[in-house]
Amino acid sequence: MNAKSFVVALALLVPCFAGANEDVEKLIADSSNWAIWGGNYAGTRYSELAQIDKTNVNRLQVAWTFSTGVLRGHEGGPLVVGDTLYIHTPFPNKVFSINLPDQTINWTYAPTQDTDTIPVMCCDTVNRGLAYGDGKIFLQQADTKLVALNAETGAVAWTAINGDPAKGETNTNAPLVVKDKVITGISGGEYGVRGFVVAYDIATGRQVWKAYSVGPDQEMLVDPRRTTHLGRPIGANSSLSTWEGEQWKLGGGTTWGWFTYDPALNLVYYGSGNPGTWNPTVRPGDNRWSMALFARDADTGMAKWVYQMTPHDEWDYDGVNENVLVDLEVDGRMRKGLVHFDRNGFGYTLDRENGELLVAEKFDPAVNWATHVDMRTGRPQVVDRYSTGKNGEDFNTEDICPAALGSKDQQPAAYSPRTNLFYVPTNHVCMDYEPYEVEYVAGQPYVGAVLTMFPAGQATRDGTTNLGNFIAWDAAEGKIVWSLPEPFSVWSGALATAGDVVFYGTLEGYLKAVDAKTGQELYRFKTPSGIIGNINTWTHEGKQYIGVLSGIGGWAGIGMAAGLEGATDGLGAVGAYRSLARHTQLGGVLTVFAIP
Amino acid sequence: MRRCRKFVLLVAAAALVAVSAGEAQEPETAKPYTVECGPDPEEGGATVCRVDRGTYVGWRTFHGICHTCHAQDAVGSTFAPDLLARVREIDKTAFMKAMNEGFTGQMGVMPPWKQDPNVNKYFEELWSYVRARADGVLLPGRPKRLPAEP
């Protein structure tokens, strides 16, 4: 290399080092890639690709498949960057780099993790996938180790320890790359873990900032005067004053969901989970900021605003679901919107710049624990009959809708700018809930409630038995536009495309394609196992592909039984979930579709 | 539980199935549970099982902790085995050993429970519950309490 070409090479390299953000943004802008979990920073899970459209999707066929070699629940989906596809597995969290031209494996990363991690993961050993940036692949292992892998070779560039499984801290989330940082959270809400979000330096793995969900102001990275809740400063000790004594130390508010980012506002969005024990009687107060949405400055971690959906949780309605960033017109005014389908059954639309609450309506008519959300205070108006706190310890509160797994759990929604509709995979499950007193011991489950779950129809007495619906939602109006009943919870991430097709997966294992306008089913294919993964799309050599991980498991799979008994009296959801065993079995497989 | 205390044995008790099933090779002299299942007027005639205190506490502990892996009614999940089948294959000693020391099986890993105060106080009760389920005596669903023993 002569001096001149060296300078040119250096000049080409500089942008890569200057900002991984630009790198990622460029990759995202090219819809031939699927470079981030949500397809883009806004998390719309929408692709401009339109080769596969509503007129030809019925000709879809399997192009190739890939077994991950792992049983257990497979959440998340593949990333595609150029000629390479990256796919992850549940524990032990393998990563495969696949060469798209011939589907050979470029490299495999197979970590050795302590099996003691497995039993402290509440609901299966899922992992929601990878992040790409700065020429690296980021994996958040179950044992809390955040690993940076060289995307070309699979070599470990750096690792960072994010928590301690001996205290019940684990990880299931996909990290997010923003500028020169990798952002990640923590799981362990059923172990009294105090949730936080951390940013690591993308080049070195050094911790840059860490912000807790609950506790003292400085540890939460909030400014009592500048951080707002519904437009008002949150004031000093906004969290501490809503807990009794030292209970905030077991305050939960874990952060195991999806992260989104607005580059113009430089804000990262995510939600926090349940407040410590599931027994509300022993933790009076609003338990801030569990069950809350956060908007944080990506550089400093400082919170710009926060909004608590479920003050003083009594039902395990974690607030961790994704926040989709979409500009939309509400009451005649264009807004920089944020749309969030909460576990608690309300679909929220907020102004993502200032956290103003614009819309809060039920996205499942079965929801009964609250009548509505007061738009001035932002508080749900709880129905006494369904208040497990009012009813007290050792009392079984019956027919609460939704169940603890929420009207929707982690399975991310999609949004199409062509229809202005959100496509939401939902659960239609209710529960009985009986809190009881428990002691906290580090590394042991800290739950304190007995749960029984069953199809919502058993509570609403409308004669239905479906456990899920796939719905289209108008986030400006707060209304369901259409709703497709599904026999089981819809636990897969949806995809919307410019071909006016919406894709989702079912627990029996079907990949389904429906018309984005009407919901009419256009195509279905039975994949090897139940789907709790996300549907993603990309092109290779100019041809559009659709990819989905199947592999039943996760919280949705906990009810899937092998051994059956004759009696069905009082079986409820278990009866329904049990019949899932007639449809599918374990096993992780990536299935890739194309039109031949 | 409050509702259970209101329970009075009705004439319908004649329809109740009193169960004391057993297996010949079981070394224990008495079953670790008392279970009576039958139509319950309080529940519109649906079949409901009533159980002794120990079995009830076992049911509750199970559905507070164990069900997150072994599923409601101990029928197993994608993550942990069907305990009804498993418990039929083992005796109480093996059960207690697994509870105390944990168990690595074909599907996964169960942690030891001897240091968890929310569980270790109730090993006997859990045995009563899973045994009653495994014997096919206690039906799925939430049981009610039998009237307090004298």
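I count two residues as in contact if their C-beta atoms, placed from the backbone, lie within 7 Å. My helices (H or I, at least four residues) and strands (E, at least two) are DSSP runs, numbered from the N terminus.

**Ground rules.** This is a predicted model, where local features need pLDDT of at least 70, side-chain atom pairs count only at pLDDT 80 or more, and totals for chains, interfaces and linings use all residues. Residues are numbered from 1 along each chain as its sequence is written, while chains are lettered from A and ligands numbered from 1 in the order in which they are written.

**Chain B overall.** I found five helices and six strands in chain B. Along the sequence they run α-β-β-β-α-α-α-β-β-α-β. I also looked up burial (buried means 20 or more other C-beta atoms within 10 Å of the residue's own, exposed means 12 or fewer, partly exposed is in between, with C-beta atoms placed from the backbone). By that count, 45% of the 150 residues of chain B are buried. Of the chain B contacts with a separation of 6 or more, 60% are between residues 24 or more positions apart.

**Helix H5(B).** I went to residues 123-134 of chain B next, a helix of 12 residues. From first C-alpha to last, H5(B) reaches 16 Å, close to the 16 Å expected at 1.5 Å a residue; the expected span is 1.5 Å times one less than the number of residues. How many of the 12 residues of H5(B) are buried? Nine are, which leaves the helix mostly covered. Among them are Trp127(B), Tyr129(B) and Arg131(B). What covers the buried residues of H5(B)? The cover includes strand E2 (35-40) and helices H2 (53-70), H3 (83-89) and H4 (92-101), again of chain B. After H5(B) comes Gly136(B), with a positive phi near 75°.

- I noted a cis peptide bond from Arg288(A) to Trp289(A), omega near -10°. Trp289(A) sits in the loop between strands E18 (267-271) and E19 (292-297) of chain A.
- Cys401(A) and Pro402(A) are also joined by a cis bond, with omega about 0°. I located Pro402(A) in the loop between strands E27 (397-400) and E28 (414-416) of chain A.
- Arg72(A) has a positive phi near 75°, and lies in the loop between strands E2 (61-67) and E3 (79-81) of chain A. Arg72(A) counts as buried because it has 28 C-beta neighbours inside 10 Å.
- Gln103(A) has a positive phi too, about 55°. With 13 other C-beta atoms within 10 Å, Gln103(A) is partly exposed.
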